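The sequence and structure are shown below.

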Amino acid sequence: MKAAVLSQFGKAPRYEDFAEPRSNEGEALVRVRAAALKPIDRQLASGAHYASQQDFPIVCGTDGVGQLEDGSRVFFGGSRAPFGAMAELTVVAAMRCLRLPDNIDDVTAAAVFNPGLSAYGALKWRAQIASGETVLVLGATGVTGKLAIQTAKLLGAGRVVAAGRNEQVLKTLPELGADTTIRLDKTGEELSEVFAREAETKGFDVVIDYLWGAATEALLAALTGKDFGAASSRVRLVQVGESAGATITLPAATLRSSRLEILGAGSGSAPASRETWGEAIQWLLGNVARGALRIATETVPLAEIESAWGRESHGERAVIIP
């Protein structure tokens, strides 16, 4: 079969032949129809992610949409190594296959599951957003950031502030529910002043951070108290991604002078309950089906995976089609 084959860390996968998988007991053989190219796929292939596979060659891709041998159309995730989603065939645990409704197409389903559940989990499970709260999205011009804006509004946010670098995408965010936008192409001190001004009225109750790095440091400087007074409001900063940097400098004064709480959202903090996951998936699929959650996509033939690997998305999710 043809697949996106990775032979060493730090290189783009190549369109090559790879041995076809065979399913064992409890597994499902999946003929892939669509697989999204996501930041986590690039991180895993770079060797920088904690879950990166060490044995080569491997097939890239963490999840996708495909067809089972009985004809069922499913979303799947977690292929057995060395197989992955960016191939003509893959193999996964049968329990990791979810049947899809007919009113959501392959490309949309492949694109929306990972970022959609990420945005929902960060806001609902980790931040425990309450109705009327103010949400700041750092990295709002990315695919997941755009979904976070829409998700925050659907979960009852009173105000959503969207911060990002892509000016062209920023202009479109009010259509998705952003009440105001912040350009991040400023110096640290200038950006801190912008954050401080935006927080003057009601502050930020929840921060969903897909960036980390310098932008987060500028926000923390804005949140740091300047006197001995008690901070007026609690701020939950949920760390989701690190597209602007893997580390930050966190002054002790920031934590002592504010009601800042820093939380992480990822596989390690996800709920174990299948019922909880089921509720999230039904919420996601229902809102996608009725058009309340929108995601921009670009389809790419599997044969072009090497050239597509390093392209910037500009707010669109690339979906690989075998």
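The model is predicted. Its largest nonpolar core has 50 residues, and Phe113, Val135, Ile149 and Leu173 are those with the most contacts inside it. Two or more residues of this core come from each of helix H2 (106-126), strand E9 (134-138), helix H3 (143-154), strand E10 (159-164), helix H4 (167-170), strand E12 (206-209) and helix H8 (274-289). H2 gives the largest share, 12 residues. Apart from residues up to four places away in sequence, Ile149 touches Val137, Ala140, Val160, Ala162, Leu173, Leu176, Gly177 and Ala178. A second core of 24 residues is separate and includes Leu68, Ala85, Ile305 and Ala318.

| Residue | Relative accessible area | Side-chain polar contact |
|---|---|---|
| Ser79 | 16% | side chain of Thr90, 2.8 Å |

Ser79 lies in the loop between strand E6 (73-77) and strand E7 (89-93). Because its relative accessible area of 16% is under 20%, Ser79 counts as buried. Beyond its neighbours within four places in sequence, Ser79 is in contact with Gly84, Ala85, Thr90, Val91 and Val92. Ala85 is also among the residues of the second core.

Gln150 is placed in helix H3. With neighbours within four places in sequence left aside, Gln150 is in contact with Leu176, Ala292, Leu293 and Arg294. Leu176 is also touched by Ile149.

Definitions and conventions
Residues are numbered from 1 along each chain as its sequence is written. This is a predicted model: local features need pLDDT of at least 70, side-chain atom pairs count only at pLDDT 80 or more; totals for chains, interfaces and linings use all residues. Side-chain values use heavy atoms; hydrogens and water are left out. A nonpolar core is a set of buried Ala, Val, Leu, Ile, Met, Phe, Trp, Tyr and Cys residues joined through side-chain atoms within 4.5 Å. Buried means under 20% relative accessible area, exposed over 50%, partly exposed in between (1.4 Å probe, protein chains only). Helices (H or I, at least four residues) and strands (E, at least two) are DSSP runs, numbered from the N terminus. Contact means heavy atoms within 4.5 Å. A polar contact is a pair of N or O atoms within 3.5 Å; within protein, one must be able to donate a hydrogen and the other to accept it, and residues adjacent in sequence count only if both atoms are side-chain atoms.
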